[in-house]
Amino acid sequence: MTGAEFVPLSLTPLLIGVFAAVACALPGNFLVLRRQALIGDAISHVVLPGIVVAFLVTGVVAAVPMLLGAAAAAVVAVVMIEAIRRLGNIEPGAAMGLTFTTLFAAGVLLLEQSDTSGVHLDVEHALYGNLESLIWLDAMGWESLFDPVALAELPVELFRVAAALVGVSGFLWVCWRPLVVSTFDEGFAQTMGMRTNVIGMALVIVAAIAAVAAFDAVGSIIVIAMFICPPAAARLMTNRLSTQIAWSVGFAVLSAVLGYILAGYGPLWIGFDNAVSAAGMIATVSGVILALTALWGPCRKRLGAPAV
Amino acid sequence: MSLELAANDGVAPTGAGLASSPLALRGMTVSYGQKPVVFSVDMTIAEGAMTAIIGPNGAGKSTLLKAALGIVSPLAGQVTVFGKPLAAERHRIAYVPQRASVDWDFPTRVIDVVLMGLYRELGLLQRIRGQHRDKAMACLERVGMAGFAERQIGQLSGGQQQRVFLARALAQEADLYLLDEPFAGVDAATEKAIIDVLKSLKDEGKTVVAVHHDLATVAEYFDRVFLVNTRKMAEGTVAEAFSAENLDRTYGGRLATGQIDQLDLVAG
């Protein structure tokens, strides 16, 4: 493939896919270790009604109203979960599952009933985004990377996921020690004067920011998969958290790149006519990576295996 | 009641008693849901002594420690640490939680757990240097775990895990050590190693408080006891407060007479 073909058609979707995958995988490491992996699932579901309502109120698909809508929906979800848990006397996991599926379903209904035909907002986009359409038509080839006129036409989603990735990385960098200590031993962290509930809340907020930014570009399937699969696979490769983070980034990048290529060319290689959804393929690749590490990863441990 | 007065006998608090006590609770009441787990407990820990907190299962022993540390918020009650509010003197306390309270599958090595004890020194971003590693290794040395520094924590036995927790507390270089069942489910070698370290801490003038289950070793290991069953039952030196009568009241008759007889107690 030549630069003239690759740069306008594939470079930006690939970068957006990679940035979104890494932005979700990074906080996913801590969510999985805290046994809060469901939160990623939850956030990406709750985001939908929030974004739809934001669109209905403002009439535009723009980053700020969408983020606010998603944040408002997250608050509603948290209140709902608490209410269901207390009033119904139901365990938290069940209350979460109930809330998120209900809110997501409500989002689907809202979406169907509202006039969103003029914008990129429908159920398919909510699930698997529009990665393939995030192309850079003004680019003529690699030289366009140095052409200010062409650069000005880069898809705005690229900047959003890049900003989310920078934000997530910065948060993990600065809050690394409190995150690690409070994830491993919350009581001890409190005796060290750490505000563990604030740290936990900050982690969820950062994950939500990554989810909303990624959701916009790549849909909820990737968001859910990237919060869980690369970190879980990475855990099976190492017994050190910093190394685990590195593996999870590697797996996220591999999933995004391989998934994008396989979705675009895989079906053609085996004789089918059409490409398949890049988001679906990226998520599938991440699942396959997890399966492979679960079978052959060096740091697997049987549940309940006795300490050596 | 003579038990109250007993706080000034035996291994007595040095200095002005209550005002400078390493740990003093007043009217501590904690409840999970409707039922109070700890009710209106006053506790004054003697400086430089080893105190065992004793009581039946569910008597609120761990909760008492957690309330003292601010991990659980009490319904009522005050905590003073070395005569000051907890927040001001937090850095003088080291806490060893119950071993079962954390996930030992966590991807971290022994040395990294001990380095967690240096968080106050390191802060958010300061790099870990040779001096920090040396200090962590010295703490591991003290509990006999230096050879395991690079191991993943899940590969340790229960007793070894407990010793790593103790090493992390040592790294904090505190004046008051609060331990939640440090001897629960550990091997004899570990029990010996831990009690040796705790006694050496006492020799350095530090104060040690441990939730303890094994009544048979109370007299051998500890100077003072604090008996609790939701309410304070007794407090004082082992010789005075660790009596058959107090144990009987604390355990509500759940200890068999034979068990109490074996303890070779002073007459209640």
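User: In which helices of chain A is confidence lowest and highest?

Analyst: This is a predicted model, and pLDDT is the predictor's confidence in each residue. In chain A, the lowest confidence falls in helix H5 (residues 123-128), with a mean of 73, and the highest in helix H8 (residues 176-184), at 96. For chain A the mean pLDDT is 86, and 95% of its residues reach 70 or more. Over residues 303-308 of chain A the pLDDT is below 50, and this stretch has five contacts in the model beyond near neighbours in sequence.

User: How many residues are in the largest nonpolar core, and which have the most contacts inside it?

Analyst: In soluble globular proteins, nonpolar side chains tend to be buried together. Here the largest nonpolar core has 173 residues. Those with the most contacts inside it are A:Ala23, A:Ala214, A:Ile222 and B:Val114. Helix H10 (residues 196-235) of chain A gives the most to this core, 26 residues. Leaving aside residues up to four places away in sequence, A:Ala23 touches A:Val161, A:Ala164, A:Leu165, A:Val168, A:Ala210, A:Ala213 and A:Ala214.

User: How many residues does each chain put into the contact?

Analyst: Chain B supplies 26 residues and chain A 21 residues. On the side of chain B that touches chain A, helix H2 (61-69), strand S6 (93-96) and helix H5 (119-122) of chain B each supply at least two residues. H5(B) gives the most to that side, with three residues. By class, the side of chain B that touches chain A has 14 nonpolar, seven polar and five charged residues.

User: In what order do the four strands of the open sheet in chain B run, and which stand at the edges?

Analyst: Strands of a sheet pair through backbone hydrogen bonds, either parallel or antiparallel. In chain B, four strands form an open sheet in the order S2-S1-S4-S5, with antiparallel pairing. Strand S2 (35-45) and strand S5 (84-85) of chain B are at the edges; each has a single partner strand, so one side of each is left without a neighbour in the sheet. Strand S4 (residues 76-81) of chain B pairs with S5(B) over two bridges, in the antiparallel sense. B:Pro85, in S5(B), is the bridge partner of B:Thr80.

User: Which strands does H2(B) touch where it packs on the sheet?

Analyst: H2(B) touches strand S1 (23-32), S2 and S4 of chain B, and its direction makes about 115° with that of S1(B).

User: Which residue other than glycine has a positive phi near 50°, and is B:Glu181 buried or exposed?

Analyst: B:Glu181 has that positive phi. B:Glu181 lies in the loop between strand S7 (176-180) and helix H8 (188-203) of chain B. With 23 other C-beta atoms within 10 Å, B:Glu181 is buried, because the cut-off for burial is 20 or more.

User: Where is A:Asn89, and is A:Asn89 buried or exposed?

Analyst: A:Asn89 is not a glycine either, yet has a positive phi of about 55°. The loop between helix H3 (63-88) and helix H4 (92-113) of chain A holds A:Asn89. A:Asn89 is exposed, with 8 other C-beta atoms within 10 Å.

How values were computed
Residues are numbered from 1 along each chain as its sequence is written. Chains are lettered from A and ligands numbered from 1 in the order in which they are written. This is a predicted model: local features need pLDDT of at least 70, side-chain atom pairs count only at pLDDT 80 or more; totals for chains, interfaces and linings use all residues. pLDDT is the predictor's confidence in each residue, from 0 to 100. Two residues are in contact if their C-beta atoms, placed from the backbone, lie within 7 Å. A nonpolar core is a set of buried Ala, Val, Leu, Ile, Met, Phe, Trp, Tyr and Cys residues joined through C-beta atoms within 7 Å. A residue is buried if 20 or more other C-beta atoms lie within 10 Å of its own, exposed if 12 or fewer, and partly exposed in between; C-beta atoms are placed from the backbone. Ala, Val, Leu, Ile, Met, Phe, Trp, Tyr, Cys and Pro count as nonpolar, Asp, Glu, Lys and Arg as charged, and the others, Gly among them, as polar. Two strands pair if DSSP finds at least two bridges between them. Axes are lines fitted to C-alpha atoms, for helices over the stretch in contact, and angles run from 0 to 180 degrees between N-to-C directions.
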